[in-house]
Amino acid sequence: MAQYTEEVSRTFSEYLLIPGLTTKACTPDNVSLKTPLTGFGRGEKPAIELNIPFVSAIMQAVSDHNLAIALARNGGMSFIFGSQPVDSQAEMIRRVKKFKAGFVVSDSNLTPAHTLADVLKLKEITGHSTLGITEDGTPNGQLLGIVTSRDYRPSRDPLDRKIKDFMTPFDKLITGQAGISLNEANDIIWDHKLNQLPIIDEKRRLQFFVFRKDYESHKEYPNELSDGNMKLLVGAGINSRDYRERVPELMEAGADVLCVDSSDGFSEWQRDTIQYVKQNFNGFIGGGNVVDRDGFLYLVESGADFVKVGIGGGSICITREQKGIGRGQATAIIDVAAARDEYFNKTGRYIPICSDGGIVQDYHLTLALAMGADFIMMGRYFARFDESPGRKIMINNRYLKEYWGEGSNRARNWQRYDMGGASESMKFEEGVDSYVPYAGKLKDNLDQTLGKIRSTMCSCGARNFSELKNNAKITLVSATSIVEGGTHDVIRKDSDM
């Protein structure tokens, strides 16, 4: 007969942290948010350590090269989505690895043969007013000129006017040579009163732009996640279908770590994928998703360097509705964390776990970490920002961003839900197409979220995640105490009366 567990499957909203002693040394500026991403032996240091406990979800609507750069500069890591052709995924990896603080790869490019109508259309799509005009319209083509909003007047100039007739041609541009330092580039900008400086190589191919408006942001980010060569760290999502073709190109492009993206990681297909990477590339790879100790141990014994925990808890995920598969995220984390600690005590090897899904409020992040998660993967949180790939649109006088699940028909990521059959199509959806409230720049929101985590940790008497896991006091809450914890018995001034 079936195995039954009498334990109630619980969510983060059913728990609260009880304050511990806050010592004088326990202040937000003394709190470390460093956490391991990959496994390590007792007494060793992890090969990859995050400076903040966040990674972005392996989703089309979340993790492209732009968000990967922004998140790595702030201490976290993105896993570039795998539901795209391998060459485009590899190119995103290369863009992250080529990034230099202050040096921006142009993603708004046209040829001299394009028209003003093309300029306006591209500006609407990207929001960028500076366009690189190259011989072939690519980001690294031979630079022939630039176009800015000062080169045309939409109200008077005909839309079919060719770019070659109004662009600022190359011979009138001031440029910098590849290899120039950021300080040198900024000196040129200030000396010549420029708004932007194109950086070209010896063959006049466009490499980067340095913008005057970014001067303040060019200062080094203290939490930047980079390797010994000062290149940002980035991950990549793969599936258990085409990994033999995909993985070699991603590793060649410079991916620092891979992760098998699957709604159910407790499978022999995932074991084969993990072992292929470990045996052929000796690379780092995470597995998942699982929700209990059996799934965790299976992936660890298969060679996983970290394990993702969570099924059906994402804001756009409907796996539980469709298949009846899953577990409350809090219960899943508690169970897997216990298995992780037991495995460490038995073998001397620590395998980090990632909490994926179930985050509704910011305080849930600290709860997940206190319950045993080493880092947290989020989709909805990051989809709201300027740096995510989703379109920003206005509906009912409110700015929103598009956000769709990998299990939706829009993503068409059937490999993520592959059960080993031959059919290459989605039988039913396990995710939805939606909107999330637009929230602005990643850094502004992230700083506030991290501030909340540091403050909560201080209230728990913890200065790092090891102390938080070992010393946190957590209590179940009743339905009425949840009501008590919010606004009640008053009329808020911002409400409709």
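Strands E17 and E19 pair in the parallel sense over three bridges; two strands count as paired if DSSP finds at least two bridges between them. This is a predicted model, in which local features need pLDDT of at least 70 and side-chain atom pairs count only at pLDDT 80 or more, while totals for chains, interfaces and linings use all residues. Residues are numbered from 1 along each chain as its sequence is written, and side-chain values use heavy atoms, with hydrogens and water left out. Helices (H or I, at least four residues) and strands (E, at least two) are DSSP runs, numbered from the N terminus.

**The barrel**

- Eight strands form a closed barrel with parallel pairing, in the order E5-E6-E14-E15-E16-E17-E19-E20. From one strand to the next, the twist averages 25 degrees; axes are lines fitted to C-alpha atoms, for helices over the stretch in contact, and angles run from 0 to 180 degrees between N-to-C directions.
- Strand E16 (residues 285–290) and strand E17 (residues 306–309) run parallel and are joined by three bridges. Gly286 stands opposite Phe306 in E17.
- Val309 has Ser355 of E19 as its bridge partner. Three bridges also join E19 to E20, again in parallel, and there Ser355 stands opposite Ile376.
- E19 is covered on both faces: Ile353 and Ser355 on one side, and Cys354 and Asp356 on the other, are all buried. Buried means under 20% relative accessible area, exposed means over 50%, and partly exposed lies in between (1.4 Å probe, protein chains only).

**Helices against the strands**

- Helix H2 (residues 86–98) lies across strand E6 (77–80) and strand E14 (235–238), and runs at about 165 degrees to E14.
- Helix H10 packs on the sheet and touches E5, strand E19 (353–356) and strand E20 (375–378). The direction of H10 makes about 140 degrees with that of E20. Contact means heavy atoms within 4.5 Å.

**Helix H12**

- Helix H12 (residues 442–459) has 18 residues and reaches 26 Å from its first C-alpha to its last, close to the 26 Å expected at 1.5 Å a residue. The expected span is 1.5 Å times one less than the number of residues.
- Buried residues of H12 include Leu442, Leu446, Leu450, Ile453 and Met457. The buried residues of this helix pack against strand E5 (54–56) and helices H1 (65–73), H10 (363–370), H11 (380–383) and H13 (465–471).
- After H12 comes Gly461, whose phi is positive, near 75 degrees.

**The open sheet**

- Four strands form an open sheet in the order E7-E8-E9-E10, with mixed pairing. Its edge strands, E7 (109–110) and E10 (168–169), each pair on one side only.
- Strand E9 (residues 143–147) and E10 run antiparallel and are joined by two bridges. Gly145 stands opposite Pro169 in E10.

**Thr347**

- Thr347 lies in helix H9 (residues 329–347) and is partly exposed, with a relative accessible area of 42%.
- A polar atom of the Thr347 side chain lies 2.8 Å from the backbone oxygen of Tyr343, and the side chain reaches the backbone nitrogen of Arg349 at 3.2 Å.
- Thr347 and Gly41 are 306 residues apart in sequence, and their C-alpha atoms are 8.7 Å apart in space.

**The whole chain**

- The protein chain has 14 helices and 24 strands. Of its 497 residues, 50% count as buried.

Notes. Polar contact = N/O pair within 3.5 Å; in protein donor to acceptor, adjacent residues only side chain to side chain.
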